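This report concerns the packing of helices against one another. Please consult the sequence and the structure shown here.

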Amino acid sequence: MSGLHIKDISMRFDLPNGGSVQALQNVTLDLKEGDLMSVLGPSGCGKTTLLNIVAGFLAPTEGEIELGGKTVKGPGAERGMVFQQGALFEWMSVRENVAFGPKMKGEKEFDYAENVDHLLDVVGLQDFKEKAIYELSGGMQQRVALARCLANDPDVILMDEPLGALDALTREKMQGLVLKLWKETGKTIILITHSVEEALLLGERLLVMAPRPGRIHKEYRLPFAELGVGADLREVKKHPDYNSTREEILSMIWNMEEEIMGRTEASV
Ligand SMILES: Nc1ncnc2c1ncn2[C@@H]1O[C@H](COP(=O)(O)OP(=O)(O)OP(=O)(O)O)[C@@H](O)[C@H]1O
């Protein structure tokens, strides 16, 4: 893969009442192989729309996505998606869920079985391979979702609030796992989150988006993801720049939301 290029993307949704919503306007972004980017921004700033366009689920009104020199024209195995709730196959075992992609590609079990076992070990599910999905906790289900995504060996992993439904402790453990997977696999990862703390920890690049129209507001390059690999994330949060960057971003998003509220109240 020679990089992911988001080239001057705009997205307008036409509404049934004849109006329209400009969900994204002129978004341009280049990611190189192995980049870990988190995306933050107030509700409605187009984060999910952007991810869906990169995934190929939506075609932009203007602009294009290029991955490895090829224009994205729809979904493809080189882009894996992890959702907030695992979107797993409830009736299959953990192992069957992870093996699903390679099986659908027509690979022989003999060829993929070892990798599936390895991935389940990597995400810490070695003792749960034969369990049914409904027997697992939310955190474990997200581990399955990560392993299932990796089993397809995508170049780019797109995560839409992957840890948003988890309790605080499980979420912290999973943040460590995301960092470990990023380092060990060298995949390019884009992760949407509503948590400023999570965005700081899981973004060596952190993108703040602004709404109406959805656009890039500011990008940060941060040391915390690199420092967090294999480390205690609570220690990373003691870095002298962590709190100041968090406060800066919180104020930025707070001000955007105040502005939206002001506009909404003025228009009532
Ligand atoms: N299918 C659609 N039809 C009409 N409008 C849409 C559609 N999808 C998204 N929008 C609008 O586009 C804008 C961006 O939505 P999007 O879901 O991408 O934002 P977001 O930043 O992911 O929000 P949130 O943080 O609340 O999930 C919003 O105003 C939303 O209402």
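## Basis of the model

The model is predicted: local features need pLDDT of at least 70, side-chain atom pairs count only at pLDDT 80 or more, and totals for chains, interfaces and linings use all residues. Residues are numbered from 1 along each chain as its sequence is written.

Helices are DSSP runs (H or I, at least four residues), numbered from the N terminus. Axes are lines fitted to C-alpha atoms over the stretch in contact, and angles run from 0 to 180 degrees between N-to-C directions.

## Helices α4 and α5

Helix α4 (residues 138-151) packs against helix α5 (residues 168-185) at an angle of about 15°, and their axes lie 11 Å apart. α4 is therefore roughly parallel to α5 (angles under 35 degrees). The crossing of α4 past α5 is right-handed (the near helix is turned clockwise from the far one by less than a right angle).

G139, Q142, L146 and L150 of α4 make the contact with T170, K173, M174, L181 and T185 of α5 (C-beta atoms, placed from the backbone, within 7 Å). This contact has four nonpolar, four polar and one charged residues; Asp, Glu, Lys and Arg count as charged, Ala, Val, Leu, Ile, Met, Phe, Trp, Tyr, Cys and Pro as nonpolar, and the others, Gly among them, as polar.

## Helices α2 and α3

The axes of helix α2 (residues 94-104) and helix α3 (residues 109-122) cross at roughly 125° and come within 10 Å.

On α2, V94, R95, V98, A99 and P102 meet Y112, V116, L119 and L120 of α3. By class, the contact of α2 with α3 has eight nonpolar, no polar and one charged residues.

Methods:
Helices (H or I, at least four residues) and strands (E, at least two) are DSSP runs, numbered from the N terminus. Angles under 35 degrees count as roughly parallel, over 145 as roughly antiparallel, 65 to 115 as roughly perpendicular and the rest as oblique. Two residues are in contact if their C-beta atoms, placed from the backbone, lie within 7 Å.
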